[in-house]
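Reader: I am new to this structure and would like to go through it slowly, one question at a time. Could you show it to me before we begin?

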Amino acid sequence: MVVHSAATQDRDGAKLVFWLLRLEFSKRLALVYADGGYAGALLDWVALFCVFALEIVRRPEEAKGFVLVKKRWIVERTLGWLGKCRRLAKDYEFLPESSQSMVYLAMINLMVHRLRPEAKE
């Protein structure tokens, strides 16, 4: 996971994420799902520099109103979990590095509570 400033375009930030994924998980990672906003030149970049495939998940064109889009709910659910963390509910952090650390702490807390659910606060 990488947190960058809001001044960084999502597609540019994705290159850093994908490069780190390539270094860390090249033997296990085969497919990455991405939103339609990441289509275009990023697909070519991933094909050239990464060992995994990038699949763009799109909303069906014929869909009207709310439609549950394949795999997108995983990201939305995770963002909902992170939003329950008081420190992540607002942009309190000044540096992207401290924001990234808070996301790690929130997910560690979630995993620990799931591994041992009887240990309530």
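Reader: How many aromatic pairs does the count come to in this model?

Author: The model is a predicted one, and that should be kept in mind throughout. A pair of aromatic rings is described by the distance of the centres and the angle of the planes. Two rings of Phe, Tyr or Trp are taken as a pair if their centres lie within 6.5 Å. By this rule, the number of aromatic pairs comes to three.

Reader: What kind of aromatic pair do F18 and F52 form?

Author: The centres of the F18 and F52 rings are 5.8 Å apart, and there are 70 degrees between their planes. Because planes over 60 degrees apart fall into one named class, the pair of F18 and F52 counts as edge-to-face.

Reader: How many residues apart are F18 and F52, which link distant parts of the chain?

Author: F18 belongs to helix α1, residues 10–25, whereas F52 lies in the loop between α2 (41–49) and β2 (53–57). F18 is buried, and F52 is buried as well.

Reader: Which parts of the chain does the pair of W19 and F49 tie together, and how many residues apart are they in sequence?

Author: W19 and F49 also form an edge-to-face aromatic pair, with 6.4 Å from centre to centre and 70 degrees between the planes. W19 lies in helix α1 and F49 in helix α2, so the pair ties together parts of the chain whose separation in sequence is 30 residues.

Reader: Which residues do ring pairs link into a cluster?

Author: The pair of W19 and F49 described above is edge-to-face. Ring pairs link these two residues with one further residue into a cluster, whose members are W19, W45 and F49.

Reader: At what distance from the ring centre does R22 lie over the face of W19?

Author: R22 is found in helix α1, and with a relative accessible area of 27% this residue is partly exposed. The C-alpha atoms of R22 and C50 are separated by 5.9 Å, although these residues are 28 residues apart along the chain. R22 lies over the face of W19, and its distance from the ring centre is 4.6 Å.

Reader: Over the ring of which residue does the charged end of R114 sit?

Author: The charged end of R114 is placed 4.3 Å from the centre of a ring. The residue that carries this ring is W81.

Reader: Which element gives the most to the lining of the second largest pocket?

Author: The second largest pocket has a volume of about 270 Å³, and ten residues line it, of which W81, K84, A106, N109 and L110 lie nearest its centre. The elements that give two or more residues to this lining are α3 (72–83) and α5 (96–115). By class, the lining has five nonpolar, two polar and three charged residues. The element that gives the most, with five residues, is α5.

Reader: Which residues form the covered face of strand β1?

Author: In a regular strand the side chains alternate between the two faces of the sheet. Strand β1, residues 31–35, runs parallel to β2 and is joined to β2 by five bridges, and V32 stands opposite L54 in β2. The uncovered face of β1 has L31, Y33 and D35, while the covered face has V32 and A34.

Reader: In what order do the elements of the protein chain run from the N terminus on?

Author: The protein chain has five helices and two strands. Buried residues make up 19% of its 121 residues, and along its principal axes the C-alpha trace spans about 45 × 35 × 30 Å. From the N terminus on, the order of the elements is α-β-α-β-α-α-α.

Key:
Residues are numbered from 1 along each chain as its sequence is written. This is a predicted model: local features need pLDDT of at least 70, side-chain atom pairs count only at pLDDT 80 or more; totals for chains, interfaces and linings use all residues. Side-chain values use heavy atoms; hydrogens and water are left out. On a 1 Å grid over the protein atoms alone, a cavity is a set of points where a 1.4 Å probe fits but cannot get out, and a pocket is an open set with protein on both sides within 12 Å along at least five of seven lines; lining residues have an atom within 4 Å of a point. Grid points are joined across faces, edges and corners, and a volume is the space filled by probe spheres set on the points. Helices (H or I, at least four residues) and strands (E, at least two) are DSSP runs, numbered from the N terminus. Ala, Val, Leu, Ile, Met, Phe, Trp, Tyr, Cys and Pro count as nonpolar, Asp, Glu, Lys and Arg as charged, and the others, Gly among them, as polar. Rings of Phe, Tyr and Trp (its six-membered ring) pair if their centres lie within 6.5 Å; planes under 30 degrees apart count as stacked, over 60 as edge-to-face and the rest as tilted. Buried means under 20% relative accessible area, exposed over 50%, partly exposed in between (1.4 Å probe, protein chains only). A charge sits over a ring if NZ of Lys or CZ of Arg is within 6 Å of the ring centre and within 35 degrees of the ring normal. Two strands pair if DSSP finds at least two bridges between them.
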